[in-house]
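Trainee: I have a model open and want to learn to read its features. Where do we start?

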Amino acid sequence: MAVSSGSRARTRKTTKAAANGAQQTQAAPVNLSDERLIEMYRQMVLIRRFEEKSAEGYAYGKIGGFCHLYIGEEAVAVGAIGALSADDHLVTHYRDHGYALARGCDPGAVMAELYGRASGVSGGRGGSMHLADVSKGFWGGYAIVAGHIPLAVGIAQAIKYRKLEQIVICFFGDGATNNGYFHESLNIAAVNDLPIIFLVENNSYGMGTAINLASRVTEIVDKAAAYHITAEQTDGMDPLAVYEATSRLRERCLAGEGPFLLEAKTYRLVGHSTADPAGYRTKDEVEQYRAGDPIGRFGQVLAERGVLSADAAKQIDQEMIEAADAAAKFADESPEPAPDTLYDMVYAAPLG
C-alpha cells in the first residue's frame with residue numbers, strides 16, 4: 001500500500017525472511033565471480049577466528065573493558081559491506097570487530113586496538129567498542145545504544161548537501177529501535193530524503209531481554225512505517241541475501257530514493273558480551289540456530305555450486321586461524337601509547 005511522503009509516494013515493502021537456524025534457504029541470485037564468493041567466505045571465517053581469539057585474549061586479561069563478539073552474525077557485515085563502494089560510509093554500534101575486518105582493516109591493527117596498543121586502528125584510545133578507520137570511511141564503533149544513528153544521518157545530510165555519489169550505512173541492533181535516537185533519526189532522514197540505509201541486525205535479544213518483552217512491535221520493518229520509509233527484511237544468516245538487498249537499496253539511494261530500512265534476521269551464537277553466560281536462552285534454541293551456522297550454510301552453497309571444495313574450505317580455515325594468531329602476536333608485541341601522547345587526537349585538525 002502506497003502512502004504519501006511529500007512530493008512522491010513511498011511503499012513500505014515487507015519481505016519476510018525469518019532466520020531459522022535449521023532452515024536451509026536458497027541463496028539469493030547475485031552475479032558475483034567465484035573469486036568474490038570465495039573472498040566473502042574467507043572474510044566470514046576470518047571474523048569467526050578473530051572473535052574466538054579475542055575471547056581468548058579477554059580471558060587472559062589482555063583485553064580490558066567490555067568485549068562484544070560477532071559470532072553467528074558474520075553474514076550481515078560481509079554481505080552488506082561487500083555491496084558498498086570504497087567511497088561509501090559506515091557507522092556501527094559497539095559489536096564492531098566484524099565490520100572493521102569486512103571493511104578491510106588490518107587484523108593486527110584491529111587486535112592491537114583491543115589490546116589498547118599504540119599500533120591499533122585508533123591508536124589504542126578506543127578499545128573494543130570504538131574501532132574506527134577514517135581512511136576507509138569507517139567511523140566506528142559507538143558504545144551508547146542508538147547514539148550513533150543521528151551521527152550517520154548527519155553524514156548522509158552532508159553527502160546530499162555536497163551532491164556526492166555516496167551513501168551511508170548505519171548498523172545497529174533491534175534493541176536500539178526502542179530508543180528515541182532511532183525515531184528522531186528516521187524522521188529527519190525521511191523528511192530530507194537522505195541517502196542512508198538503516199540496517200537493523202535483529203538477533204531477537206537486546207542484551208539479555210527477548211525482543212517481545214521489550215517492544216510491542218517485534219517486526220522492526222513495521223517501525224519504519226510511521227515515517228513512510230521503505231523497509232524490508234532479509235535473511236541475515238545468508239551473506240548473498242544481505243548483499244543483494246544492500247546492493248539494490250544502495251542503487252536506489254544513489255538515485256535519490258532514500259532512506260531505507262533493512263532488517264537482517266540473524267542470531268548471535270554467544271552471549272551479549274564475553275561476561276554474559278546467556279542463561280536467558282535455552283540450550284535447544286541455541287543449538288537450533290547453531291545447526292544453521294552462516295559459515296556452514298554458505299560453505300554448503302559454494303560447494304553445491306562447485307566453487308569451494310571441502311579441502312579448500314579446510315585450508316581457508318587453517319589460514320584464518322593463523323591470521324588470528326598472527327594478529328594476537330602483533331598486538332602482544334606492540335607498545336602501549338607513550339604518556340607524552342596523552343593529549344594527542346583530542347581535537348580534530350583545523351580545516352584549510
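## Rings, burial and surface

Mentor: With a caution: this is a predicted model. Now take Tyr267. Its relative accessibility is 1%, so Tyr267 counts as buried, the cut-off being under 20%.

Trainee: Is Tyr289 buried or exposed?

Mentor: Tyr289 is buried, because its relative accessibility is 17%.

Trainee: How is a pair of aromatic rings described?

Mentor: By two things: the distance of the centres and the angle of the planes. By the pairing rule, this model has 7 aromatic pairs. In one of them, the ring centres of Tyr267 and Tyr289 are 3.9 Å apart and the planes are at 5 degrees, so the pair is stacked.

Trainee: Which parts does the pair tie together?

Mentor: Tyr267 is in the loop between β10 (260–265) and α10 (283–290), while Tyr289 is in helix α10, so the pair ties together parts 22 residues apart in sequence. Elsewhere, ring pairs link Tyr70, Tyr99 and Phe171 into a cluster.

Trainee: Which charged end sits over the ring of Tyr205?

Mentor: That of Arg281, 5.9 Å from the ring centre.

Trainee: Why is helix α2 called largely enclosed?

Mentor: Count its buried residues. In α2 (residues 74–82), 8 of the 9 are buried, so the rest of the structure largely encloses the helix. Among them are Glu74, Val76, Gly79 and Ile81.

Trainee: And the surface? Which residues form a nonpolar patch there?

Mentor: Leu342, Tyr343, Val346 and Tyr347. Together they have about 580 Å² of accessible area.

How values were computed: Residues are numbered from 1 along each chain as its sequence is written. This is a predicted model: local features need pLDDT of at least 70, side-chain atom pairs count only at pLDDT 80 or more; totals for chains, interfaces and linings use all residues. Side-chain values use heavy atoms; hydrogens and water are left out. Patches are made of residues with over 30% relative accessible area and no salt bridge: like charges are joined within 9 Å, nonpolar side chains (Val, Leu, Ile, Met, Phe, Trp, Tyr) within 5 Å. Accessible areas come from the Shrake-Rupley method with a 1.4 Å probe; for residues, only the protein chains shown count as cover. A salt bridge is a side-chain nitrogen of Lys or Arg within 4 Å of a carboxyl oxygen of Asp or Glu. Rings of Phe, Tyr and Trp (its six-membered ring) pair if their centres lie within 6.5 Å; planes under 30 degrees apart count as stacked, over 60 as edge-to-face and the rest as tilted. Helices (H or I, at least four residues) and strands (E, at least two) are DSSP runs, numbered from the N terminus. Buried means under 20% relative accessible area, exposed over 50%, partly exposed in between (1.4 Å probe, protein chains only). A charge sits over a ring if NZ of Lys or CZ of Arg is within 6 Å of the ring centre and within 35 degrees of the ring normal.
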